[in-house]
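Please view the sequence and the structure first.

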Amino acid sequence: MPISAGDVNDLKSKLVDARTALVTMLGESDKAKQKECDAKVKQLTKATVDILPVLIAKAKGTPAEGKLKELKAAWDVFRDTRDNQVIPNFFAGKVDEAKAIGGGIQKERFAKISAMVDALAGMV
């Protein structure tokens with residue numbers, strides 16, 4: 001079964017929802033709400049990690065396969081920076097550093113990922 005528009009929309013919603021939860025967390029002062037946002041980011045990240053290889057397999061032999069592999073590579077860099085720098089800095093009390101990374105290079109990376117997903121949507 002080839003990749004569908006529904007697959008792409010599902011992927012995009014997971015990526016956007018995780019980014020929204022992170023941005024919300026960075027602006028939140030309530031510790032319980034911060035933890036809720038962090039848990040949501042982790043849950044959506046796992047869902048994204050699980051779905052990308054499935055989509056790549058479904059797109060095998062099509063132009064979408066290459067776009068998905070490119071998207072996965074860009075997302076891996078984004079995810080690793082978020083999980084190893086932004087979130088740890090935030091919970092260590094280095095909120096300004098977390099926001100600087102999150103609103104700087106991470107914002108640019110997310111815009112690139114969003115553009116890739118939009119291009120992918122045009123392929124299916």
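## Basis

This is a predicted model, in which local features need pLDDT of at least 70, side-chain atom pairs count only at pLDDT 80 or more, and totals for chains, interfaces and linings use all residues. Residues are numbered from 1 along each chain as its sequence is written, and side-chain values use heavy atoms, without hydrogens and water.

## Helices α1 and α3

Helix α1 (residues 5-26) packs on helix α3 (residues 63-91) at an angle of about 20°, with the axes 12 Å apart. The two are therefore roughly parallel (angles under 35 degrees). By class, their contact (heavy atoms within 4.5 Å) has 14 nonpolar, no polar and two charged residues.

## Helices α3 and α4

The axes of α3 and helix α4 (residues 95-103) come within 6 Å and cross at roughly 150°. These helices are therefore roughly antiparallel (over 145 degrees). Residues of α3 that meet α4 include Thr 81 and Val 86, and those of α4 include Ile 101.

## Gln 106

Gln 106 lies in helix α5 (residues 105-121). Because its relative accessibility is 0%, Gln 106 counts as buried (under 20% relative accessible area, 1.4 Å probe, protein chains only).

Not counting residues up to four places away in sequence, Gln 106 touches Arg 19, Phe 78, Thr 81, Arg 82, Val 86 and Ile 101. The side chains of Gln 106 and Arg 109 are joined by a polar contact of 2.9 Å (a pair of N or O atoms within 3.5 Å, one able to donate a hydrogen and the other to accept it).

Note on methods
Helix = DSSP H or I, 4+ residues; strand = E, 2+ residues; numbered from the N terminus. Buried < 20%, exposed > 50% of the residue type's maximum accessible area, 1.4 Å probe, protein only. Axes fitted to C-alpha atoms, helices over the stretch in contact; angles between N-to-C directions. Parallel < 35°, antiparallel > 145°, perpendicular 65-115°, else oblique. Nonpolar A, V, L, I, M, F, W, Y, C, P; charged D, E, K, R; others polar.
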